[in-house]
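Here are my notes for you, written as numbered points. Keep the model open beside them and look up each place as you read.

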Amino acid sequence: MSAPGENLRINGDRLWDSLMEMAKIGPGVAGGNNRQTLTDADAEGRALFQQWCEAAGCEMGLDTMGNMFALRAGTDPDALPVYVGSHLDTQPTGGKYDGVLGVLGGLEILRTLNDLGIRTRHPIVVTNWTNEEGTRYAPAMLSSGVFAGIHAEDWAKDRVDAAGKRFGDELKRIGWEGEEPVGARKMHAFFELHIEQGPILEAEGVDVGVVTHGQGLSWTQVTVTGRDSHTGSTPMPMRKNAGLGMARILEKVEEIAWSHAPHAVGAAGHIDIYPNSRNVIPGKAVFTVDFRSPDLAVIEDMETRLRTEAQAICDDMGLEVAFEKVGGFDPVTFDPGCVQAVRDAAERLGYSHREIISGAGHDACWINQVAPTAMIMCPCVDGLSHNEAEEISKEWSTAGAEVLFHAVVETAEIVE
């Protein structure tokens, strides 16, 4: 297949303007966005995306999980489409770029092809996956997971939010439940552009991240049980302090993660202490340990050591401890051919680049199980994401989208 010429470039100003226009929908309180999945704001964002896609001459498909598919036809009716996309939903205090850059970067591919009068043998489809963030309905990457056969559709639609509202009911309410069976589509390849959500690219002054792997993830909920008692009148030797037990376990979590440096990480982000009163020694602590690594053997070692060492700590302190695996997925190795297409595109366009491992989950991690897949990352300021202060530059978004354009169009094969 012939590669696009290095002179073929996207319209970076148009992409940036689209990002800013989408950011007006579901504004946050501090300059970012609150466009959570299946809200009225999500419906409005979807409608704008559909309007833009139809203006670009695309046909919009919609499946029963609300996943959106904007098709630009190819010249070969038998050729499988090349898919590209990400998500439009945000965190409650989300930024303007997480996910959205990947969707609108895909739209910019179609607009640029139209501008240049270029046809491709394979169709190109731009996708908006429903509920990638998982903030309103857990787990994250829910609808791409159903598409890839990871989750059952009935199970996914029965997920409820904090107010007890079902995913399936809310999808119908906002009017974005399609009739197309989820997962019925076959893909030639899938590409996803995303902000890094980490500090490496900016710190090293690199334009583009060529994502070779996605970290695996393990969530273990740990419950430490001691005895509630008065902080002032209980002698130190007679205490069964679940909070102290938790603190010592978390020191071990840090030690375990450091022992697998540089790529393993570990921490506890969700912590509940009971009864959480100023003058009561905690009788129970419940917390979730998050371990991540691109190596499955490392994740398994960290899980085993957590259980062994936490048990020893609690036995020594006269505490009880219980463990429950509450989430996780195996590490991802992206398709070498698609990764090479990204690498070649960056080199052809003259952008500095480096290999990178995604530390977060993305829809591409599930789609990788059903189609050849790769990811592209652009820097973000201070590596900050899932925060309204999330920021990128127009130059970064343009570089990432141009690499995306070249990788996708080369894979879709230009018709001379």
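Predicted model: local features only at pLDDT ≥ 70, side-chain atom pairs only at ≥ 80, totals over all residues.

1. Let us start with a pair of helices, H1 and H3, which are therefore oblique to each other. H1 covers residues 12-23 and H3 covers residues 100-116; they pack at an angle of about 140°, and their axes are 10 Å apart. The axes are lines fitted to C-alpha atoms, for helices over the stretch in contact, and the angles run from 0 to 180 degrees between N-to-C directions.

2. Residues are numbered from 1 along each chain as its sequence is written, and side-chain values use heavy atoms, leaving out hydrogens and water.

3. Which residues make the contact between H1 and H3? From H1 come Arg14, Leu15, Ser18, Leu19 and Met22, and from H3 come Val100, Leu101, Leu104, Gly105, Glu108, Arg111, Thr112 and Asp115. Contact here means heavy atoms within 4.5 Å. By type, these residues are six nonpolar, three polar and four charged. In this count Ala, Val, Leu, Ile, Met, Phe, Trp, Tyr, Cys and Pro are nonpolar, Asp, Glu, Lys and Arg are charged, and the others, Gly among them, are polar.

4. Now turn to H10 (residues 336-349) and H12 (residues 394-412), whose axes come within 8 Å and cross at roughly 125°. That angle makes H10 oblique to H12. On the H10 side, the contact uses Ala341, Val342, Ala345, Ala346, Arg348 and Leu349; on the H12 side, it uses Glu402, Val403, His406, Ala407, Glu410 and Thr411. These residues divide into seven nonpolar, two polar and three charged.

5. Strand E6 (residues 208-214) holds valine 210. Is valine 210 buried or exposed? Valine 210 counts as buried because its relative accessibility is 1%; buried means under 20% relative accessible area, exposed means over 50%, and partly exposed lies in between (1.4 Å probe, protein chains only). Histidine 353 is 143 residues away from valine 210 along the chain, yet their C-alpha atoms are separated by 6.8 Å. Setting aside neighbours within four places in sequence, the contacts of valine 210 include Val339, Val342, His353 and Met375.

6. Valine 208 also has its place in E6, and at 0% relative accessibility this residue counts as buried. Beyond residues up to four places away, valine 208 touches several others, including Leu201, Tyr351, Ala399 and Val403.

7. Next, look at the loop between strand E4 (124-128) and helix H4 (142-147), where you will find arginine 136. Arginine 136 counts as buried, with 13% relative accessibility. Its side chain reaches the backbone oxygen of leucine 38 at 3.1 Å, and makes a polar contact with the side chain of tyrosine 137 (3.5 Å). A polar contact is a pair of N or O atoms within 3.5 Å; within protein, one must be able to donate a hydrogen and the other to accept it, and residues adjacent in sequence count only if both atoms are side-chain atoms.

8. Some backbone angles in that loop deserve a look too. Most residues other than glycine have a negative phi, and most peptide bonds are trans. Asparagine 131 lies in the loop between E4 and H4 and has a positive phi, near 55°. Methionine 141 is in the loop between E4 and H4 as well, with a positive phi of about 50°. Asparagine 131 is buried at 1% relative accessibility, and methionine 141 is buried at 4%.

9. Finally, where are the cis peptide bonds in these notes? One runs from alanine 138 to proline 139, with omega near 5°, and another joins alanine 261 and proline 262, with omega about 10°. Proline 139 lies in the loop between E4 and H4, while proline 262 lies in the loop between helix H8 (242-258) and strand E9 (265-274).

Terms used
Helix = DSSP H or I, 4+ residues; strand = E, 2+ residues; numbered from the N terminus. Parallel < 35°, antiparallel > 145°, perpendicular 65-115°, else oblique.
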